[in-house]
Amino acid sequence: MKVAVVGLGIVGGTCAYYLSKEENIELKVFDYGVGQATKASAGIISPWFSKRRNKLWYKMARLGADFYEKLVNDISKDGFKTDFYDKCGVLLLKKDDNKLDDLFALAKKRREESPLIGELKILSFNEVKKIIPSFTDKKAIYASGGARLEGERLVKTLLKASGCEVIGKKVSLEIKNNEFYILGEKFDKVVVCVGAWLDEFLAPLGFDVDVRPQKGQLRDKKILDSRTEDYPVIMPEGELDIIPFEDGVISIGATHEDDKGFNLDVDKKQLDNFEHEARKIVKVIETGEIINERVGIRAYTRDYSPFYGEVKENKNLLVASGLGSSGLTTGAIIGYSLAMLVSGKKELLDSKNYPVENYVKLKK
């Protein structure tokens, strides 16, 4: 069976990695690479504190966090480094300390079905300062199972581990007599993981897709503290996240801009504002230098729900999109699920719960 994967973010990369293990599949990967959300993603794997009411989304996010244990183990068995992922713990902050008690109770309840949360504690200001000496905020919830993830590093690792060659061109899909063609080559199945560009990709085939672009920006700083790999990730209230990596590198982000379309320009004022807020929490962030500023475009739907699976009108065409800011948490398990659908194996999720037809429809 000849299979094409179009788009090499976390979804496409994970899908390609697991399809590459199937002996009966000949695989080709296409990726244009411009604006990809994954390239601007450094984030936190810690869905257990979310108060979103969408139970199916939470199930996907919860199982998505669990799935990284499998993915890391599989890649490690293949002989590749897994430094893209580190279970460093997470600190949650609230402007009103009284809200921490409710959040702590929620996390304890959710730990019954998600033991990956690990140890849960409410730490005093002084206890947090022992971990992060320049911490200046208040008390915080600590969960030992929270993890940090570097999206671009993950995708590069998945590509190496899969052994796939990537054709770095912007491609289109043609359907002739119910057969798929990309660059004149015929494929039995096509998996499209192009995020916010799904509407553009499927429009020539007569589809209307409910996917909108959301701009995300983050800033990487090299600060004057080389012990950052021992820091937990920090989730203050609001959009700001503070993600420490090794060798004094801290990522500050990421913005959620629904009104910028596909604009990929760095907005230094936005990032300066984020850094200003981050310095109020971890003072040492004011030291050192900016080493990188990244922009990517996320995809979101009208109700902020992700979708994936087979297109109703053609079961050999599979798509995924709409992950929004939870893409780091949910992208890998969606990619794995797509690979299982292609190869006729059991999913960890159930694609019927995230129906493509709610968002991908033939034009009238």
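In this talk, buried means under 20% relative accessible area, exposed means over 50%, and partly exposed lies in between, with a 1.4 Å probe and protein chains only. The structure is a predicted model, in which local features need pLDDT of at least 70 and side-chain atom pairs count only at pLDDT 80 or more, while totals for chains, interfaces and linings use all residues. Residues are numbered from 1 along each chain as its sequence is written, and side-chain values use heavy atoms, with hydrogens and water left out.

Let me start with the salt bridges. The term denotes a side-chain nitrogen of Lys or Arg within 4 Å of a carboxyl oxygen of Asp or Glu. By this rule the model contains 29 salt bridges. In one of them, Arg279 is joined to Glu275, with the closest N and O atoms 2.9 Å apart. Both residues belong to helix H7, 4 residues apart, about one turn of the helix; helices here are DSSP runs of H or I with at least four residues, strands are E runs of at least two, and both are numbered from the N terminus. Arg279 has a relative accessible area of 34% and is therefore partly exposed, whereas Glu275, at 4%, is buried. These two residues also take part in a network of salt bridges with Arg219, Lys221, Lys268, Asp272 and Glu293.

A second pair is formed by Lys21 and Asp78, where the closest N and O atoms are 2.9 Å apart. This pair links distant parts of the chain, 57 residues apart: Lys21 sits in the loop between H1 and strand E2 (26-30), and Asp78 in the loop between helix H2 (55-77) and E4. Lys21 is partly exposed at 40% relative accessible area, and Asp78 counts as partly exposed at 32%.

I turn now to helix H1. How many of the residues of helix H1 are buried? The count is 10 of the 10, residues 10-19, so the helix is largely enclosed by the rest of the structure. Among them are Ile10, Cys15, Tyr17 and Leu19.

Next, the sheet. Three strands form an open, antiparallel sheet in the order E3-E8-E4, where two strands pair if DSSP finds at least two bridges between them. Strand E3 (42-45) and strand E4 (85-86) stand at the edges with a single partner strand each, so one side of each has no neighbour in the sheet. E3 is joined by 4 bridges to strand E8 (residues 147-150). Within this pairing, Gly43 has Leu149 in E8 as its bridge partner.

Finally, the surface patches. A patch is made of residues with over 30% relative accessible area and no salt bridge, like charges being joined within 9 Å and nonpolar side chains (Val, Leu, Ile, Met, Phe, Trp, Tyr) within 5 Å. Tyr32, Val34 and Leu264 form a nonpolar patch with about 270 Å² of accessible area together, the areas coming from the Shrake-Rupley method with a 1.4 Å probe and, for residues, only the protein chains shown counting as cover. Leu264 is placed in the loop between strand E18 (249-253) and helix H7 (268-281), and at 33% relative accessibility it counts as partly exposed.
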